[in-house]
Amino acid sequence: MTPRMYLQSLARSSVRMTPWVGHPNRGVHALGHGDGRSRDHVHGYVGRCLAVLLALLMVLATPARAADDSLFRALGGEAGVAAISAGLVERVYADERIKHLFQETNPRFLTEQLRKQFCELSGGPCKYDGETMKKSHAALGINKAHFNALVEDLQLAMDAQGVPFATQNRLLALLAPMYRDVVTR
Ligand code: HEM
């Protein structure tokens, strides 16, 4: 018997045993007199408590739903994430502080990799299939100032898309742990 079937049978039996469900006064009355119905009342009560407990357990035991896509949607979905990635790449290639690091990289490839990464990270329907952050940045000699410059460019790219500050921070919070893989000096 599945938990759901058990719950249903409990619900049926509690209705049978406690025809006065919904009439608290009658319930108290029956209990106070200790007649046959008081046991039914207790059984019904226990049954309903068990049902509630089981329902709670079922909710808790349900595997997490497919990734929460609220951030992806807040970023503007497919189109928003694509525009943010393109905006970021456009800005880093023009940013005097870091553009020298991107000379060997194809901007279209980078845009596409960032799009997939941001999309997946934010709960969208994409799969990032690129290199690990550690491997792809290992040879670049990125320092803290470089990292901060790229984050600023990302913020500007999100501003340009009208992404609210709080939403921007949600994406940045997901990227923050990558700092230790990207910054090597
Ligand atoms: C959290 C921050 C960062 C994220 C999420 C990120 C993400 C990425 C991704 C997804 C790729 C493509 C990897 C691949 O599939 O080959 C990449 C490559 C690259 N990133 Fe980053 N990156 C970050 C920080 C930085 C910083 C701070 C710089 C330099 C200022 C930088 C410079 C580069 C360069 C030059 C490449 C191309 C490497 C190559 O051509 O093989 N990244 N990054």
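Proline 107 touches Val89 and Tyr93, leaving aside residues up to four places away in sequence, where touching, or contact, means that the C-beta atoms of two residues, placed from the backbone, lie within 7 Å. This is a predicted model, in which local features need pLDDT of at least 70 and side-chain atom pairs count only at pLDDT 80 or more, while totals for chains, interfaces and linings use all residues. Residues are numbered from 1 along each chain as its sequence is written. The protein has 10 helices and zero strands, with helices (H or I, at least four residues) and strands (E, at least two) taken as DSSP runs and numbered from the N terminus.

**Overall build**

- Read along the sequence, the pattern is α-α-α-α-α-α-α-α-α-α.
- Of the 185 residues of the protein, 19% count as buried; a residue is buried if 20 or more other C-beta atoms lie within 10 Å of its own, exposed if 12 or fewer, and partly exposed in between, with C-beta atoms placed from the backbone.
- Among contacts with a separation of 6 or more, 71% are accounted for by residues 24 or more positions apart.

- Proline 107 has its place in helix α6, and because 13 other C-beta atoms lie within 10 Å, proline 107 is partly exposed.
- Proline 107 and glutamate 90 are 17 residues apart in sequence, and their C-alpha atoms are 8.1 Å apart in space.
- Phenylalanine 102 lies in the loop between α5 and α6, and phenylalanine 102 counts as partly exposed because it has 16 C-beta neighbours inside 10 Å.
- Phenylalanine 102 touches Val92 and Tyr93, not counting residues up to four places away in sequence, and its C-alpha atom is separated by 9.5 Å from that of valine 89, 13 residues apart along the chain.

**Nonpolar core**

- The largest nonpolar core has 18 residues, and those with the most contacts inside it are Leu75, Val81, Ile84, Leu88 and Phe118; such a core is a set of buried Ala, Val, Leu, Ile, Met, Phe, Trp, Tyr and Cys residues joined through C-beta atoms within 7 Å.
- At least two residues of this core are supplied by each of α5 (77-94), α6 (107-121) and α8 (144-160).
- Valine 81 touches Phe72, Leu75, Gly76, Arg115, Phe118, Cys119, Ser122 and Gly124, again leaving out residues up to four places away in sequence.

**Helix α5**

- α5 has 18 residues and reaches 26 Å from its first C-alpha to its last, close to the 26 Å expected at 1.5 Å a residue, the expected span being 1.5 Å times one less than the number of residues in the helix.
- The buried residues of α5 are Gly80, Val81, Ile84, Ser85, Leu88, Val89, Arg91 and Val92.

**Helix α6**

- α6 has 15 residues and spans 21 Å from its first C-alpha to its last, close to the 21 Å expected at 1.5 Å a residue.
- Leu114, Arg115, Gln117, Phe118 and Cys119 are the buried residues of α6, and they pack against α4 (70-74), α5 and α9 (165-175).
- Glycine 123, whose phi is positive, near 95°, follows α6.

**Helix α8**

- α8 has 17 residues and reaches 24 Å from its first C-alpha to its last, close to the 24 Å expected at 1.5 Å a residue.
- The buried residues of α8 are His146, Ala149, Leu150, Asp153, Leu154, Ala157 and Met158, and what covers them includes α5 and α9.
- Glycine 162, with a positive phi near 70°, follows α8.

**Surroundings of the ligand**

- The ligand is surrounded by 21 residues, of which the closest are Thr105, Gln113, Gly130, Ser136 and His146; a residue counts as near a molecule or strand if its C-beta atom, placed from the backbone, lies within 6 Å of it.
- The elements giving two or more residues to this shell are α6, α7 (133-137) and α8, and the largest share, four residues, comes from α6.
- The shell divides into 12 nonpolar, seven polar and two charged residues, with Ala, Val, Leu, Ile, Met, Phe, Trp, Tyr, Cys and Pro counted as nonpolar, Asp, Glu, Lys and Arg as charged, and the others, Gly among them, as polar.
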